[in-house]
Amino acid sequence: GSAGEFKKHLFACAVRNGYGEYKETVLLSDGATWIRNMKDELFPDAQQILDYYHLCENVSNYAKQIFKMDEKLYKPWSEQEQVCAALKAGEYQKVLADIGKPSGKKEENSPNLYGYIA
């Protein structure tokens with residue numbers, strides 16, 4: 001179905017299962033903007049957590065671009081040796097500091113890794 005139908009279904013399921021009575025609500029997502037917006041609308045108090053697979057997929061896509069598809073450079077940077085390992089260890093603030101905020105000028109098809117993680 002559509003995102004609107006999914007949103008209605010998700011909220012109904014959450015209410016049926018006690019949403020509003022929980023001490024804490026967590027939404028696991030792939031980081032898509034529409035899911036973040038839905039979380040903000042339906043569950044403003046919820047903590048959103050990016051799933052590790054999609055997180056590392058986006059890190060890899062970012063690395064491929066900044067290292068101009070040089071596998072010897074992008075693989076070690078993005079995978080277990082550096083960024084994904086740091087993110088898995090909860091060191092997202094270090095990663096954000098290392099990659100820096102985007103300058104505002106965005107190349108075509110350039111992923112905004114900073115915005116995705118932040």
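**Labels and their cut-offs**

Mentor: The protein chain holds seven helices and two strands, where helices (H or I, at least four residues) and strands (E, at least two) are DSSP runs, numbered from the N terminus. Their order from the N terminus is α-β-α-β-α-α-α-α-α. This is a predicted model, in which local features need pLDDT of at least 70 and side-chain atom pairs count only at pLDDT 80 or more, while totals for chains, interfaces and linings use all residues. Residues are numbered from 1 along each chain as its sequence is written, and side-chain values use heavy atoms, with hydrogens and water left out.

Trainee: Why is Val 26 called partly exposed?

Mentor: Buried means under 20% relative accessible area, exposed over 50%, and partly exposed in between (1.4 Å probe, protein chains only). Val 26 has a relative accessible area of 48%, so Val 26 is partly exposed. Its place is in strand E1, residues 26–29.

Trainee: Which label does Lys 75 get at 33% relative accessibility?

Mentor: Lys 75, found in helix H4 (residues 71–78), counts as partly exposed because its value is 33%.

Trainee: How do you know which residues belong to the lining of the largest pocket?

Mentor: On a 1 Å grid over the protein atoms alone, where a 1.4 Å probe is used, a cavity is a set of points where the probe fits but cannot get out, whereas a pocket is an open set with protein on both sides within 12 Å along at least five of seven lines; lining residues have an atom within 4 Å of a point. For the largest pocket there are 16 lining residues, and Gln 47, Gln 48, Ile 49, Leu 50 and Ile 117 lie nearest its centre. Strand E2 gives the most to this lining, with four residues.

Trainee: What is the make-up of that lining in nonpolar, polar and charged residues?

Mentor: The lining divides into nine nonpolar, two polar and five charged residues, where Ala, Val, Leu, Ile, Met, Phe, Trp, Tyr, Cys and Pro count as nonpolar, Asp, Glu, Lys and Arg as charged, and the others, Gly among them, as polar.
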